[in-house]
Amino acid sequence: DVTEIEEKEAQAKEEEQIIKEQELSNLLHEKRYLKALGLAISLDRPHTVLMVVKAILKESEGRKHLEENIVRLRKDQKEAVLGFLVTWNTNSRNCHEAQAIIESLLKHEAPDSLLQYSGIKAAVESLLPYT
């Protein structure tokens, strides 16, 4: 009978999730946006990533700070954000944040580098009608 083991594993995962949620909340409160972005991306939470982006943009010189944080993300994190922003761009409430990230990526990534992103073709095809 492995029911007890499975229950303990599920409980451990749930506790880990709660700890990460609290850590994310603390990072946002402390305005440590790069770590908050990384954690939200690793949790696969597009809405939370969007909230972090909105918080950055509310700061003075928000666009500059957003650009600095996006540039410092790893390639896999940038790919994840690209996937998220395709959806954000279709909603008029979130399109400005999506466009700010697209601008940062286009400014700081070489075209050859962008072509190496997984899902870039589908992302561009989805972004074009709304951009």
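User: Where is the place of Asp44?
Analyst: Asp44 sits in the loop between H2 and H3; helices here are DSSP runs of H or I with at least four residues, numbered from the N terminus. Keep in mind that this is a predicted model, where local features need pLDDT of at least 70, side-chain atom pairs count only at pLDDT 80 or more, and totals for chains, interfaces and linings use all residues. Residues are numbered from 1 along each chain as its sequence is written, and side-chain values use heavy atoms, with hydrogens and water left out.

User: And is Asp44 buried or exposed?
Analyst: Exposed, with a relative accessible area of 54%. The cut-offs are under 20% for buried, over 50% for exposed and partly exposed in between, using a 1.4 Å probe and protein chains only.

User: What is phi of Asp44 near?
Analyst: Near 55°, a positive value in a residue other than glycine. Glu61, in the loop between H3 and H4, also has a phi near 55°.

User: New topic: which rings make the aromatic pair?
Analyst: The structure holds one such pair. The rings of Phe84 and Trp88 have centres 6.3 Å apart and planes at 40°, so the pair is tilted. Rings of Phe, Tyr and Trp (its six-membered ring) pair if their centres lie within 6.5 Å; planes under 30 degrees apart are stacked, over 60 edge-to-face, and the rest tilted.

User: How many residues apart are Phe84 and Trp88 in helix H5?
Analyst: Four, which puts about one helical turn between them. Phe84 and Trp88 are both buried.

User: What does Trp88 touch?
Analyst: Leaving out residues up to four places away in sequence, Trp88 touches Pro46, Val49, Leu50, Asn94, Cys95, Ala98 and Ile101. Contact means heavy atoms within 4.5 Å.

User: Okay, Lys78 next. Is Lys78 buried or exposed?
Analyst: Lys78 counts as buried, at 7% relative accessibility. Lys78 is in helix H5 (residues 75-89), and its contacts beyond four places in sequence include Glu109 and Tyr117.

User: Last one: which residues have the most contacts inside the largest nonpolar core?
Analyst: Val49, Leu85, Trp88 and Ile101, in a core of 33 residues. The elements giving two or more residues to this core include helix H1 (3-29), H5 and H8. Such a core is a set of buried Ala, Val, Leu, Ile, Met, Phe, Trp, Tyr and Cys residues joined through side-chain atoms within 4.5 Å.
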